[in-house]
Amino acid sequence: MSFEEELEKRAAQQPEIISVTELPEEITAKIQSYVFKADKRGNEALFLRLQTPEGKIVIQKYTPSTYKHLKEAIDKCGGYEYLKQNYTRWIKMRAGRAINERLFPVKEVKRK
């Protein structure tokens, strides 16, 4: 197999990564993974990797001022393990001192 063929094959296997700015106000996704690390400015941040039902990937960054709000939202939705195993509705909102909107999980309300 030539270099070009091998590269094309591997590129086709990679999931599409979507920018949060390109997303609608609401998406359906599940947590794929997370990592706490320094962002490009050297500040601590949580990076959540979310996967849509179509297999697309969204990487959402949360700063420390949003941690409490995110923790509360995750707890209301059944916890981290539930959100890792189940597709859930996520909506964009501002929290903490964040200037830009972030995605937060929202518990589905059962209608009677």
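Predicted model: local features only at pLDDT ≥ 70, side-chain atom pairs only at ≥ 80, totals over all residues.

Colleague: What makes Phe104 buried?

Modeller: Buried means under 20% relative accessible area. Phe104 comes in at 1%, so it counts as buried.

Colleague: Why is the pair of Tyr62 and Phe104 called edge-to-face?

Modeller: The structure holds 4 aromatic pairs. In one of them, the rings of Phe36 and Tyr67 have centres 5.8 Å apart and planes at 85°. Centres must lie within 6.5 Å to pair, and planes over 60 degrees apart count as edge-to-face, so Phe36 and Tyr67 are an edge-to-face pair. For Tyr62 and Phe104 the centres are 5.7 Å apart and the planes at 65°, so that pair is edge-to-face too.

Colleague: Which parts does the pair of Tyr62 and Phe104 tie together?

Modeller: Tyr62 lies in strand E4 (residues 57-62) and Phe104 in strand E6, so the pair ties together parts that are 42 residues apart in sequence. Tyr62 has 0% relative accessibility, so it counts as buried.

Colleague: Is Phe36 buried or partly exposed?

Modeller: Partly exposed, with a relative accessible area of 46%. That value falls between the 20% and 50% cut-offs. Phe36 also belongs to one aromatic cluster with Tyr34, Tyr67 and Tyr80.

Colleague: What about Arg102: how do you know that it has no salt bridge?

Modeller: A salt bridge needs a side-chain nitrogen of Lys or Arg within 4 Å of a carboxyl oxygen of Asp or Glu. For buried Arg102, the nearest side chain of opposite charge is Asp39, 7.8 Å away, and there is no salt bridge.

Colleague: What lies 2.8 Å from a polar atom of the Arg102 side chain?

Modeller: The backbone oxygen of Lys61. Leaving aside neighbours within four places in sequence, Arg102 is in contact with several residues, including Lys61, Tyr62 and Ile91.

Colleague: What makes E5 and E6 a pair of strands?

Modeller: Two strands pair if there are at least two bridges between them. Strand E5 (residues 88-93) and E6 have 5 bridges, in the antiparallel sense. One example is Arg89, with Val106 as its bridge partner in E6.

Colleague: How many bridges join E2 to E5, and how many join E2 to E3?

Modeller: E2 and E5 pair over 4 bridges, in the antiparallel sense; there, the bridge partner of Ala29 is Thr88 in E5. E2 and strand E3 (residues 44-51) pair over 8 bridges, also antiparallel.

Colleague: Last one: why is Lys107 called exposed?

Modeller: The cut-off for exposed is over 50%, and Lys107 has a relative accessible area of 55%, so it is exposed. Lys107 sits in the segment after E6. Not counting residues up to four places away in sequence, Lys107 touches Lys76 and Cys77.

Terms used. Residues numbered from 1 in each chain as written. Heavy atoms only, no water. Helix = DSSP H or I, 4+ residues; strand = E, 2+ residues; numbered from the N terminus. Buried < 20%, exposed > 50% of the residue type's maximum accessible area, 1.4 Å probe, protein only. Contact = heavy atoms within 4.5 Å. Lys, Arg positive; Asp, Glu negative; His and termini not counted. Polar contact = N/O pair within 3.5 Å; in protein donor to acceptor, adjacent residues only side chain to side chain. Phe/Tyr/Trp six-rings, centres within 6.5 Å; stacked < 30°, edge-to-face > 60°.
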